[in-house]
Amino acid sequence: MSKLFGFAGTDDFCPGGSIFRNPKEPSLFLSLGRHVDVYYPSCKRTRVSAPFVFSEERFEQKRRASIEVLPDECLFEIFRRLPGGEERSACACVSKRWLSLMSNMSRDELCSKKTTQLLNESVEKNGEVKSEAEDQEIEGDGCLSRSLEGKKATDIRLAAIAVGTASRGGLGKLSIRGNNSGHGVTNVGLKAIARGCPSLRALSLWNLPLVGDEGLYEIANGCHMLEKLDLCGCPAISDKGLIAIARNCPNLTELTIESCSNIGNDGLQSVGRCCTNLKSISINDCPIVGDQGIAGLVSSATYVLSKIKLQALNITDVSLAVVGHYGKSVTDLVLTSLPNVSERGFWVMGNGHGLQKLKSFTVTSCQGVTDNGLQAVGKGCPNLRQICLRKCAFLSDNGLVSFVKAAESLESLQLEKCHRITQLGFFGSLFNCGAKLKALAVMNCLGIRDLNLELPQLSPCKSLRSLCIRNCPGFGDGSLALLGKLCPLLQHVELSGLQGVTDAGFAPLLENCEAGLVNVNCSGCVNLSDKVVSAMTEKHGWTLELLNLEGCVKITDASLATIAENCLLLSELDVSKCAISDSGLAVMARSNSLNLQILSVSGCSMISDKSLPALVKMGQTLVGLNLQHCNAISSRTVDLLVERLWRCDILS
């Protein structure tokens with residue numbers, strides 16, 4: 001059989017000679033089995049991967065033409081001549097290589113519309129008509145915002161965002177929150193954003209250890225419209241990157257730096273010199289930031305800087321002195337955990353007479369807050385309206401009263417974990433606050449205890465509208481009864497976690513409130529009973545809008561009956577962990593005047609499936625229902641409620 005394809009000379013099977021010079025080449029066509037004398041074709045057709053060209057020499061395989069064989073330079077020239085953003089977005093979806101090329105293309109490198117129209121003239125002459133809307137490129141004005149978190153924060157996604165948002169109004173706000181992994185966003189991703197998003201106005205970078213000065217260089221060179229920059233947990237960024245931002249982004253108005261160990265004084269000084277529109281600065285946990293950086297920043301932005309937040313920094317009294325002298329436009333000041341600032345720093349800041357516009361002042365864990373320092377601040381800040389003092393261990397009653405006397409414009413006073421403040425300081429502040437104090441909050445102050453005080457007959461504090469006493473175990477009936485006499489126009493009252501308050505102390509407060517209570521929070525007051533709720537609803541039911549009785553274990557169905565009868569305006573009710581049952585909810589459901597929007601009965605063990613009809617009826621107005629830890633309610637009942645109350649968010 002092999003001779004059929006091996007003939008040569010005059011006895012050839014095919015006149016003219018064999019078509020194969022090599023005897024083995026017939027195997028390209030025929031499959032010859034071993035030890036057979038008769039040829040027959042194979043049952044399975046041989047798979048051919050590419051076409052062959054028949055020639056006298058041999059079969060040659062054609063090479064398929066592909067755009068992928070072009071180098072990056074050629075593809076770059078092609079991409080820059082694409083007519084619009086939609087076409088560029090479509091090309092970016094082809095492969096990572098194309099996406100990388102498209103994302104590294106800045107707007108200046110794109111061909112102009114006129115050039116593109118000239119290239120397309122031949123197409124238009126052939127009868128193809130394009131609308132002006134297709135040819136028109138949408139100018140980026142920074143109207144879009146994007147956020148990447150965790151594993152989604154990668155360079156590939158940033159490149160896709162840079163290309164995709166260019167034709168949809170331009171990216172205006174970008175937030176990236178990594179997870180401190182070694183596979184997150186790098187400088188390459190920021191480079192893509194800088195090239196494709198020149199209209200970027202707000203950038204937030206959190207927990208990105210692989211982003212350094214190079215990435216910030218790209219942002220500075222490509223995003224000159226940047227207004228807000230937030231850097232948190234970026235140890236590779238140093239003063240060099242911040243200086244580049246300061247020099248190239250003159251519109252910067254807000255700067256937040258947190259836990260950036262390589263940013264120091266030079267970067268802050270450059271921001272102060274170059275960013276003439278800077279209005280807000282927040283610096284937290286930057287160990288190499290010192291007095292020179294803070295002083296240079298604040299002194300350079302004297303007439304524009306309005307908000308300053310300094311936390312966990314190694315600064316001294318010098319920085320506070322500079323703030324007190326040059327902070328002429330500062331309205332909000334926050335100082336937290338400044339261990340090297342002493343009483344002298346606060347005293348000098350108050351006597352600097354520069355904080356004339358200061359309206360809000362918050363101090364937390366600063367040992368320098370003493371009686372003399374706080375009094376100086378009160379005298380030097382005539383327009384101060386809100387102050388919050390947390391963990392001020394050296395502040396006493398005398399300092400608090402002196403401050404309240406000096407701060408004539410004070411409207412809100414908040415004390416938290418100031419354990420040297422006693423009942424004398426608390427009521428002394430009310431006696432000397434003037435006619436503008438509207439809100440008073442005291443939280444976790446262990447020094448406040450009931451004392452048998454013989455207070456003189458003074459005029460009541462008719463300006464106070466909001467009172468909050470939270471988790472002060474020594475605050476009892478005596479103090480509460482005295483408050484009722486001193487503050488007759490209270491509308492918002494929070495007395496939470498006060499186990500020493502009983503019905504006897506709460507009753508005088510209810511009787512002396514002339515304006516009508518609007519919001520009442522008595523959560524955790526375990527000694528209050530139905531008697532207080534009955535008196536409250538009868539006297540203030542016509543104004544009451546929010547009532548929180550969470551954890552008041554003596555509250556029963558009787559309170560729900562009085563609430564349903566008297567509280568016509570009540571929109572939010574919380575009776576979690578109270579002794580209420582199905583009967584109480586049934587009474588509330590029968591009320592035609594009650595229009596609750598939010599109801600919480602979490603942890604009420606006596607509420608069962610029998611309350612389904614009542615909950616369905618009340619659900620006509622409810623938008624929120626909390627049934628968590630109600631073990632007597634079955635999952636089937638919850639499913640029915642979810643099905644019927646489609647407007648209501650149900651927690652179970």
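**Note on the predicted model**

1. Setting aside neighbours within four places in sequence, glycine 233 is in contact (heavy atoms within 4.5 Å) with Asn207, Leu208, Pro209, Glu258, Ser259 and Cys260. Glycine 233 lies in the loop between strand E6 (228–232) and helix H10 (239–248). Helices (H or I, at least four residues) and strands (E, at least two) are DSSP runs, numbered from the N terminus. Glycine 233 counts as buried because its relative accessibility is 14%; buried means under 20% relative accessible area, exposed over 50%, and partly exposed in between (1.4 Å probe, protein chains only). From glycine 233 to asparagine 207 the sequence separation is 26 residues, while their C-alpha atoms are 4.4 Å apart.

2. On the basis of the values: this is a predicted model, in which local features need pLDDT of at least 70 and side-chain atom pairs count only at pLDDT 80 or more, whereas totals for chains, interfaces and linings use all residues. Residues are numbered from 1 along each chain as its sequence is written, and side-chain values use heavy atoms, with hydrogens and water left out.

3. The chain has 652 residues, of which 47% count as buried. Its secondary structure comes to 24 helices and 22 strands. Of the contacts between residues at least 6 apart in sequence, 82% join residues at least 24 apart.

4. Helix H7 (residues 155–164) is largely enclosed by the rest of the structure, because seven of its 10 residues are buried. The buried residues of H7 are Asp155, Leu158, Ala159, Ile161, Ala162, Val163 and Gly164.

5. Helix H14 (residues 343–351) packs against helix H15 (residues 371–380) at an angle of about 15°, with the axes 7 Å apart. Axes are lines fitted to C-alpha atoms, for helices over the stretch in contact, and angles run from 0 to 180 degrees between N-to-C directions. H14 and H15 are therefore roughly parallel (angles under 35 degrees; over 145 is roughly antiparallel, 65 to 115 roughly perpendicular and the rest oblique). On the H14 side, the contact is made by Glu343, Phe346, Trp347, Met349, Gly350 and Asn351, and on the H15 side by Asn372, Gly373, Ala376, Val377 and Gly380.

6. Helix H21 (residues 557–566) and helix H22 (residues 582–590) pack at an angle of about 5°, their axes being 8 Å apart. H21 is therefore roughly parallel to H22. Asp557, Leu560, Ala561 and Ala564 of H21 meet Ser583, Gly584, Leu585, Val587 and Met588 of H22.
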